[in-house]
Amino acid sequence: MEYLNYGKTGLEISRLCYGAGRLQDTCKTIEAGAKMMLKALDEGVTFWDTAEGYGTQPHLGEAVRQINRDEIVIQTKTAVKEHDSAAASIDKALKELQSDYIDVMLLHAISSPDDLLNREREGAFDAFREAKAAGKVRIIGCSTHVYTGPVMDAVIDHPEIDVILTTANKEGRMLEGGTLDKHLEYIERAYNLGKGISIMKVVVAGDIPEEDMPDWIEWGFNLDTAHAINLGMTKESHINLDVGIARASARKRLIQSKAA
Ligand SMILES: NC(=O)c1ccc[n+]([C@@H]2O[C@H](COP(=O)([O-])OP(=O)(O)OC[C@H]3O[C@@H](n4cnc5c(N)ncnc54)[C@H](OP(=O)(O)O)[C@@H]3O)[C@@H](O)[C@H]2O)c1
């Protein structure tokens, strides 16, 4: 497994990120979900992504209870826009995650420049800033779901957004607002500015043939401007496949860096 700095955040993450968005599809109890997270941790996956809206913070929290908190980096999100509800979301996340801090807190699914710039989220942003000042949150960022073009301009240029979770896959499937080539330029620009970059929809939320999964996942790991490849693993077989590809990618990148 490769471990690297998440942009300039000061956090060290595993390049394979456990996307816990659909963990409940296969893990019907919190304990079963925690077991999957711990299995991934045993395989070296130390970066975990969840959200208030996924309902899986308690699953991660049950795993956190059984380990040392500093073994992992947790990224979570809230989609609420007003100050008080965002502050309540952060406190709820801390409780559900059984932790006294959140490594990365994201504004969930910024969908237009106005959403970020014209103060629609300013209340939530203020609650994030206060939580950071109070030590409850370490790093602030956003996810952009499927949007590129002006949404990427807005989030990249925002000086307080230190992490971006964005869509990227080998055919640019699910991207709205621009081409894959242009989107990859946005990602590169954000990466060069020192933002932490995670990519999602790498296997199009499962909408590709099973036999093609390794190719699409490898494409994600070949994207050098992505610090983290977020895969929505729901079964142990996903963990085994994705960890194997992550390890092969780590070996390849090490050989390349030594040769350079
Ligand atoms: N706006 C946002 O912030 C946002 C939005 C969406 C997702 N996310 C994050 O990104 C994560 C990934 O979600 P995504 O929508 O991008 O999905 P994805 O990772 O592109 O696809 C995940 C789905 O692909 C299928 N799959 C088959 N083989 C797999 C393998 N080896 N590894 C992983 N998945 C495999 C599974 O579906 P089947 O079980 O149906 O085969 C799985 O549920 C989420 O868990 C969440 O953490 C964030």
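Which residues are the closest to the ligand? Gly-19, Gly-21, Ser-143, Gly-206 and Gly-232 are the closest of the 27 residues that surround the ligand. Please keep in mind while reading that this is a predicted model.

## Around the ligand

Let us stay with the ligand for a moment. Two elements, strand 10 and helix 10, each give two or more residues to the shell around the ligand. Helix 10 supplies the largest share, 3 residues. By residue type, the shell splits into 12 nonpolar, 10 polar and 5 charged residues.

Along the chain Lys-235 and Gly-19 are 216 residues apart, and their C-alpha atoms are separated by 12 Å. Is Lys-235 buried or exposed? It counts as exposed, because 12 C-beta neighbours lie inside 10 Å and the cut-off for exposed is 12 or fewer.

## The chain as a whole

Stepping back, the protein chain contains 10 helices and 10 strands. Its C-alpha trace spans about 45 × 40 × 35 Å along the principal axes. For 260 residues, a compact globule would have a radius of gyration near 18 Å, and the 17 Å of this protein chain agrees with that.

Of the 260 residues, 48% count as buried.

Helix 6 covers residues 122-133.

The buried residues of helix 6 are Ala-124, Phe-125, Ala-127, Phe-128 and Ala-131. They lie on the same side of helix 6, because they cover an arc of only 160 degrees around the axis.

After helix 6 comes Gly-135, with a positive phi near 80 degrees.

Helix 7 runs over residues 150-157, and its residues Val-151, Met-152, Ala-154 and Val-155 are buried. These residues are on the same side of helix 7, because their arc around the axis is only 160 degrees. Their packing partners are helix 5, strand 7, strand 8 (163-167) and helix 8 (180-192).

In helix 9 the buried residues are Ile-217, Gly-220 and Phe-221. Seen down the axis, they fall within an arc of 95 degrees, so they line one face of helix 9. Against which elements do the buried residues of helix 9 pack? They pack against strand 9, strand 10 and helix 10. Strand 10 and helix 10 are also the elements that give two or more residues to the shell around the ligand.

Ala-109 has a positive phi of about 65 degrees although it is not a glycine. Its place is the loop between strand 6 (102-107) and helix 5 (113-117). Ala-109 counts as partly exposed because 17 C-beta neighbours lie inside 10 Å.

Val-204, also not a glycine, has a positive phi of about 50 degrees. This residue sits in the loop between strand 9 (196-200) and helix 9 (213-222). With 15 other C-beta atoms within 10 Å, Val-204 is partly exposed.

How many C-beta neighbours does Ala-88 have inside 10 Å? There are 15, so Ala-88 counts as partly exposed. Ala-88 and Glu-188 are 100 residues apart along the chain, and 34 Å separates their C-alpha atoms.

Technical notes
Residues are numbered from 1 along each chain as its sequence is written. This is a predicted model: local features need pLDDT of at least 70, side-chain atom pairs count only at pLDDT 80 or more; totals for chains, interfaces and linings use all residues. A residue is buried if 20 or more other C-beta atoms lie within 10 Å of its own, exposed if 12 or fewer, and partly exposed in between; C-beta atoms are placed from the backbone. Helices (H or I, at least four residues) and strands (E, at least two) are DSSP runs, numbered from the N terminus. A residue is near a molecule or strand if its C-beta atom, placed from the backbone, lies within 6 Å of it. Ala, Val, Leu, Ile, Met, Phe, Trp, Tyr, Cys and Pro count as nonpolar, Asp, Glu, Lys and Arg as charged, and the others, Gly among them, as polar. The expected span of a helix is 1.5 Å times one less than its number of residues. The arc is that of the directions from the helix axis to the C-beta atoms. The radius of gyration is taken over C-alpha atoms; the globule rule is 2.2 Å times the number of residues to the power 0.38. Two residues are in contact if their C-beta atoms, placed from the backbone, lie within 7 Å.
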